[in-house]
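Please read this report with the sequence and the model side by side. Each section takes up one part of the model.

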Amino acid sequence: MIILENDTLDFRFPEVHEDARCSIGFQRTLRIPDDDTDYPLPPGLGPFPLRHLDDHAARLPDAWHRRGGVILPMHQAEAMWIDLSSECGYPFAVKIATGKICALSGDAWVNHLNRDPQDYVVLPEQPWLDGYCVERGVIRQFVAMPLGEGYTVEEQLSGVAAHGGLQVGAYPMKAERYGALLQEQSSMHYFGRMEAPRADMGLAPGGRMRQEIYDDPYGLDAWDQRHSSRCFITVANSMQWMAMTGEPPPLSPPTARTYTEMGLPWFEYYGGDAGAVAGAGKFKTISSVAKIAGAKGNPPLPDNEPIDVSHTVKLGRRGARQVREGAFTEVAGR
Amino acid sequence: MTQFGDNVRAVREQLRQDDRRFSLRQVAFRIGVEPAYLSKVERGDVAPPSEATTVRLARELGEDPDVLLAMAGKVSGDLQQIIRKRPRLFADLIRQLREAPDDAILRVVREVRDGEW
């Protein structure tokens, strides 16, 4: 079952094990420059609000209502990262897709797990995902763009603008494997580490960032694929969000340049000896938002000038990447 | 000694074994209280702190704010607001579920609906 709690999707599988709980949140963040430089990890600027889609059914297009799930507001060209945690350290395989295209493999969404290529991340080893796995150790940031203009990964790989949004699915480890794992670890110290359907928003590939997607250390057989939950996260633009929920959307985040010039930190993460998966071959053919905008003769992305990041904080497995939200709204004066 | 103070001290001391930033002085500084006051709270010499301070303390220690508030004999402001809005309904609901096992309570928790996609 999935419960919406404090703007976080809380996946629970009490029928598998009492510890089988994980949570998935969506963090607002800086959009890194889309200039083919590899940037470090930007901060979290607080969670995007999430609401039950059913609470606003009367104001939604039928197609949105049929999907179920939740809605989330994003400004055009705003970036996000996905916050993954398993409080008890219970291992999970989590699939993440945008427009029903897997963010790791580039393949169309299927309800089961695949190992070759790996189309899921493993919790608690993977603390976050910031974008599409384009190369080993490099992702392209998730950036919101309107569906139907050719920017999204869905349109670039499937050729159609049908779904938009984000899709997540969680698969707990089999209870017996977890029991065996706990026994193995008992001798070690383990850290858990509206009527406007054409105006849908999708996610597109933005700037490059250094981030490893860790290889599954347990193997496909470890995951209990008989018990899984999935959720469609519909992304609404600011106007749609206001019209549907009556709530103002969050303020626009500060630019990467403003943030950096304030001397605030970026992050590097070291996940120990864990191996990283290679980038998906299918992502070799996709173009970034800035490149497509240039080819179309559209105005360049705003605030996309290269920046010099000199202040980075190194994080280990228990490091907190989150930065307090209030300071940024004050700093940015928005 | 109180359950609240005992729990705070036990969790903080455990964290301090791995990370010196969880000393009494540093935790007090980060949650905006005097170290002497936090020490008294941990010993149970004074009543648990305000709701806001308890929530900051819970977040600092990686504990659930609602659980720590309950140990402090408090109910969070947002829950109070929810109950005040429909007091009869929620009072009835809570009384009905008083003896229910966890799995029965989980069944009344609202799930995020999965649809066709």
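## Helix α1 of chain B

At 1.5 Å a residue, the 16 residues of α1(B) should span 22 Å, and its end C-alpha atoms lie 24 Å apart, which agrees. The expected span of a helix is 1.5 Å times one less than its number of residues. Helices (H or I, at least four residues) and strands (E, at least two) are DSSP runs, numbered from the N terminus. This is a predicted model, in which local features need pLDDT of at least 70 and side-chain atom pairs count only at pLDDT 80 or more, while totals for chains, interfaces and linings use all residues. Residues are numbered from 1 along each chain as its sequence is written, and chains are lettered from A and ligands numbered from 1 in the order in which they are written.

Which residues of α1(B) are buried? They are F4(B), G5(B), V8(B) and R12(B). They cover an arc of only 90° around the axis, which puts them on the same side of α1(B). The arc is that of the directions from the helix axis to the C-beta atoms. A residue is buried if 20 or more other C-beta atoms lie within 10 Å of its own, exposed if 12 or fewer, and partly exposed in between, with C-beta atoms placed from the backbone. An α-helix has 3.6 residues a turn, so residues three or four places apart point the same way. The face of α1(B) turned away from the buried side carries the exposed residues A10(B), Q14(B), Q17(B) and D18(B).

## Neighbours of α1 in chain B

The cover over the buried residues of α1(B) includes α2 (24-31), α3, α4 (51-61) and α5 (65-71) of chain B. Two packed helices are described by the angle between their axes and the distance between the axes. For α1 (residues 3-18) and α3 (residues 35-43) of chain B, the axes come within 6 Å and cross at roughly 115°. Axes are lines fitted to C-alpha atoms, for helices over the stretch in contact, and angles run from 0 to 180 degrees between N-to-C directions.

On the α1(B) side, G5(B), V8(B) and R9(B) make the contact; on the α3(B) side, V41(B), E42(B) and R43(B) do. Two residues are in contact if their C-beta atoms, placed from the backbone, lie within 7 Å. By class, this contact has two nonpolar, one polar and three charged residues. Ala, Val, Leu, Ile, Met, Phe, Trp, Tyr, Cys and Pro count as nonpolar, Asp, Glu, Lys and Arg as charged, and the others, Gly among them, as polar.

## Domains and the contact between chains

Chain B is assigned domain 1 (3-71) and domain 2 (77-108). Such bounds come from an automatic or database domain assignment. Taken over C-alpha atoms, the centres of domain 1 and domain 2 of chain B are 28 Å apart.

The contact between the chains takes 17 residues from chain A and 10 residues from chain B. The chain B side divides into five charged, four nonpolar and one polar.

## Helix α4 of chain A

Helix α4 of chain A covers residues 238-245, and Q240(A), W241(A) and M244(A) are buried in it. Seen down the axis of α4(A), the buried residues fall within an arc of 100°, so they line one face of the helix. Their cover includes the strands β6 (70-73) and β16 (229-236) of chain A. Just after α4(A), G246(A) takes a positive phi of about 75°.

## Backbone details in the loops of chain A

Where are the cis peptide bonds described here? One runs from D116(A) to P117(A), with omega near 5°, and P117(A) lies in the loop between β9 (101-102) and β10 (121-123). Another joins L123(A) and P124(A), with omega about 5°; P124(A) is in the loop between β10 and β11 (128-129).

A77(A), in the loop between β6 and β7 (79-85), has a phi near 70°, a positive value in a residue other than glycine. A77(A) counts as buried, with 21 C-beta neighbours inside 10 Å. K100(A) is not a glycine either, and its phi is positive at about 60°. K100(A) lies in the loop between β8 (92-98) and β9 and is partly exposed, with 19 other C-beta atoms within 10 Å.
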